[in-house]
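Hi,

Here is the structure I said I would pass on. Have a look at it first, and then read on for what I found.

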Amino acid sequence: MTVSVLAAGRRHSVGRRADGTVVAVGHGVAGECRVEGWADVVAVAAGNVHTAPNTGRSHTVGLLADGAVLATGWNGDGQCDVSGWRDVMAVAAGWRRTLGLRADGTVVAAGRTAEGACDVQAWREMVSVSCGDWHSIGVQADGRALAVGSDRRGQCAVDGWRDLVDAAAGYLHTVGLRADGRVVATGERRTGACDVDGWRDVVGLAAGSRHTVAVTGSGRVVAAGDSSLGQCDVGGWRDVVAVSAGSTHTLGLRADGTVLAAGDDADRRCDVGSWTGIGPGRG
């Protein structure tokens, strides 16, 4: 099961320290960076959406050690209405939406329902969930993938995928990590975010709006897709153990608990150089 301690959103970044506290930088007008009082957090998620004139606000989600969930920020569609959730083991956040993976393998959802991306009530035996802009992806214990929501670029065409251990949803594309370290992709191909066929030895991946990032077993990072703002300039990164991709920026967690950033630094969303102690720690 993937538990994220690093999250890149539309215009902000979030990190979970090993002591269970949380740090955030970037655009915080909607309250998405108000995490100073959070404690006993084991995982974080940040709402992400493609960059556009009408996509500025976001939200942040924190998973507590006791399985309860916190949320702060934009709540226009009820995406932060998670206070009643219990027994949650992983969280994911998308545009106007939050998902929670329960210990029994079921999934709960809060937020916008118009596109069907919250239609996860029938999901069972799940081990991973991810939110794109308008679609949601889940991986089952048997390695199969499920998808709901908008499919206008084929981003939900995952029925034939097998042997998955994780998956990530972007704006108009979806990527899946196979047990053999290879990556599969579906959806919009014009951005190059689906150009992952040659990747090998991948142990973790993330989908931004128009780019895909992965970390390999050797601690190196590979990226594909739009890099107009430098979000794919990660070739020199080393000793990385996890990655996260926002709309136009990328974060990488190093083994020593420090964080790297590449891409658009507007709103100081890449101002993570002073972060230390980021990681799973206790909990």
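Let me start with β15: four of its five residues are buried, so this strand is largely enclosed by the rest of the structure. Bear in mind throughout that this is a predicted model.

β15 belongs to an open sheet of three strands, in the order β13-β14-β15, and the pairing is antiparallel. The edges are taken by β13 (164-169) and β15 (183-187); each has a single partner strand, so one side of each has no neighbour in the sheet. On average, neighbouring strands here are turned by 20° against each other, ignoring direction.

How many bridges join β14 to β15? Five, with the two strands running antiparallel. Within that pairing, His 173 has Gly 187 of β15 as its bridge partner. The two strands form a hairpin with four residues between them, and in the turn Gly 181 has a positive phi of about 85°.

Is it buried or exposed? Thr 174 is buried, with a relative accessible area of 0%. Its side chain makes a polar contact of 2.8 Å with the side chain of His 135. Leaving out neighbours within four places in sequence, Thr 174 is in contact with a whole list of residues, among them Val 184, Ala 185 and Thr 186, and β15 covers 183-187. Others on the list include Ile 137, Gln 155, Val 158, Trp 161 and Ala 168. If you want a distance to check your numbering against, Thr 174 and Arg 268 are 94 residues apart in sequence and 27 Å apart in space, C-alpha to C-alpha.

Now for the other three-strand sheet I looked at. This one is also open, with the order β7-β8-β9 and antiparallel pairing. β7 and β9 (107-111) are its edge strands, each pairing on one side only. The twist averages 15° from one strand to the next. β8 and β9 pair over five bridges in the antiparallel sense, and Leu 101 stands opposite Val 107 in β9.

Then the aromatics. The count comes to one aromatic pair. Trp 74 and Trp 95 make up that pair, which is tilted, at 5.0 Å centre to centre and with 45° between the planes. Trp 74 lies in the loop between β6 (69-73) and β7 (88-94), and Trp 95 in the loop between β7 and β8 (97-102), so the pair ties together parts that are 21 residues apart in sequence. Both count as buried: Trp 74 at 10% relative accessibility and Trp 95 at 5%.

One last stop is Gln 231, in the loop between β18 (221-225) and β19 (240-245). Although it sits in a loop, Gln 231 counts as buried, at 1% relative accessibility. Where does its side chain reach? The side chain of Gln 231 comes to the backbone nitrogen of Leu 229, at 2.9 Å. Not counting residues up to four places away in sequence, Gln 231 also touches His 211, Asp 226, Ser 247, Thr 248, His 249, Thr 250, Ala 262 and Gly 263.

Cheers

Definitions and conventions
Residues numbered from 1 in each chain as written. Predicted model: local features only at pLDDT ≥ 70, side-chain atom pairs only at ≥ 80, totals over all residues. Heavy atoms only, no water. Pairing = 2+ DSSP bridges. Axes fitted to C-alpha atoms, helices over the stretch in contact; angles between N-to-C directions. Buried < 20%, exposed > 50% of the residue type's maximum accessible area, 1.4 Å probe, protein only. Contact = heavy atoms within 4.5 Å. Polar contact = N/O pair within 3.5 Å; in protein donor to acceptor, adjacent residues only side chain to side chain. Phe/Tyr/Trp six-rings, centres within 6.5 Å; stacked < 30°, edge-to-face > 60°.
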